[in-house]
Amino acid sequence: MATQAEFESAVEKSKTLTERPSNNVLLQLYGLYKQATDGDVNTERPGGFDFKNIAKWDAWKQQEGKSQESAREEYVQLVNNLAGE
């Protein structure tokens, strides 16, 4: 499992990727990050025409039930793959 320090390092690394990931990958990163830091979704799904925040909420909701440790590990692996490591 990834340590908190490894997770924090991956968060910083994600901000300096040389190539911008696709929107789907960005949403996956967001969902894993929120699950790792906050656990299961704890807010209402945005409504109306707030499509960006709806997509982000849905990405987080897809991670529901996953432990924060598992989400941290997956986040670190995904960032390392994106960084070519």
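Tyr-75 is buried in this predicted model, with a relative accessible area of 4%. Its ring pairs with that of Tyr-33, a residue that is partly exposed at a relative accessible area of 33%. Tyr-33 belongs to helix 2 (residues 23-38) and Tyr-75 to helix 4 (residues 68-82), so this pair joins distant parts of the chain, 42 residues apart. The points below set out the aromatic rings, the overall fold, the helices and several individual residues.

**Aromatic rings**

- Across the whole structure, a search finds four aromatic pairs.
- The ring centres of Tyr-33 and Tyr-75 are 6.2 Å apart and the ring planes stand at 55 degrees, so this pair is classed as tilted.
- Phe-7 joins Tyr-33 and Tyr-75 in a cluster linked by ring pairs.
- Phe-49 and Phe-51 form another of the pairs, with centres 5.8 Å apart and planes at 75 degrees; because planes over 60 degrees apart count as edge-to-face, this pair is edge-to-face.
- Both Phe-49 and Phe-51 are exposed.

**Overall fold**

- The protein chain contains four helices and zero strands.
- Its pattern along the sequence is therefore written α-α-α-α.
- For 85 residues, a compact globule would have a radius of gyration near 12 Å, and the value of 13 Å for the protein chain agrees with this.
- Along the principal axes, the C-alpha atoms fill a box of roughly 40 × 30 × 15 Å.
- Of the 85 residues in the protein chain, 31% are buried.
- When contacts between residues at least 6 apart in sequence are considered, 74% of them join residues at least 24 apart.
- The protein chain has an accessible surface of about 5500 Å², and carbon and sulfur atoms account for 47% of that surface.

**Helix 1 and its buried side**

- Phe-7, Ala-10 and Val-11 are buried in helix 1 (residues 4-14).
- These residues lie on the same side of helix 1, because they cover an arc of only 105 degrees around the axis.
- Helix 2 and helix 4 are the elements against which the buried residues of helix 1 pack.

- In helix 3 (residues 51-61), the buried residues are Ile-54, Trp-57, Ala-59 and Trp-60.
- Helix 2 is included in what covers these buried residues of helix 3.
- Lys-34, a residue of helix 2, lies over the face of Trp-60 at 4.7 Å from the ring centre.
- Lys-34 has a relative accessible area of 17% and is buried, because the cut-off for buried is under 20%.
- With neighbours within four places in sequence left aside, Lys-34 is in contact with Gly-39 and Trp-60.

- Arg-72 is located in helix 4 and counts as buried at 14% relative accessibility.
- Beyond its neighbours within four places in sequence, Arg-72 is in contact with Ala-2, Thr-3, Gln-4, Phe-7 and Ala-36.
- Arg-72 and Phe-51 are 21 residues apart along the chain, and their C-alpha atoms are separated by 26 Å.
- Glu-73 also lies in helix 4, and it touches Met-1 and Ala-2 when residues up to four places away in sequence are not counted.
- From C-alpha to C-alpha, Glu-73 and Leu-32 are 9.1 Å apart in space, although 41 residues apart in sequence.

**A loop residue**

- Lys-66 is placed in the loop between helix 3 and helix 4.
- At 24% relative accessibility, Lys-66 counts as partly exposed.
- Not counting residues up to four places away in sequence, Lys-66 touches Leu-32, Gln-35, Asp-40, Ala-71 and Glu-74.
- Lys-66 and Glu-19 are 47 residues apart in sequence, and in space they are 28 Å apart, C-alpha to C-alpha.

Conventions
Residues numbered from 1 in each chain as written. Predicted model: local features only at pLDDT ≥ 70, side-chain atom pairs only at ≥ 80, totals over all residues. Heavy atoms only, no water. Phe/Tyr/Trp six-rings, centres within 6.5 Å; stacked < 30°, edge-to-face > 60°. Helix = DSSP H or I, 4+ residues; strand = E, 2+ residues; numbered from the N terminus. Buried < 20%, exposed > 50% of the residue type's maximum accessible area, 1.4 Å probe, protein only. Lys NZ or Arg CZ within 6 Å of the ring centre and 35° of its normal. Arc of directions from axis to C-beta. Contact = heavy atoms within 4.5 Å. Rg over C-alpha atoms; globule rule 2.2 N^0.38 Å. Areas by Shrake-Rupley, 256 points an atom, 1.4 Å probe, with all protein chains shown as cover.
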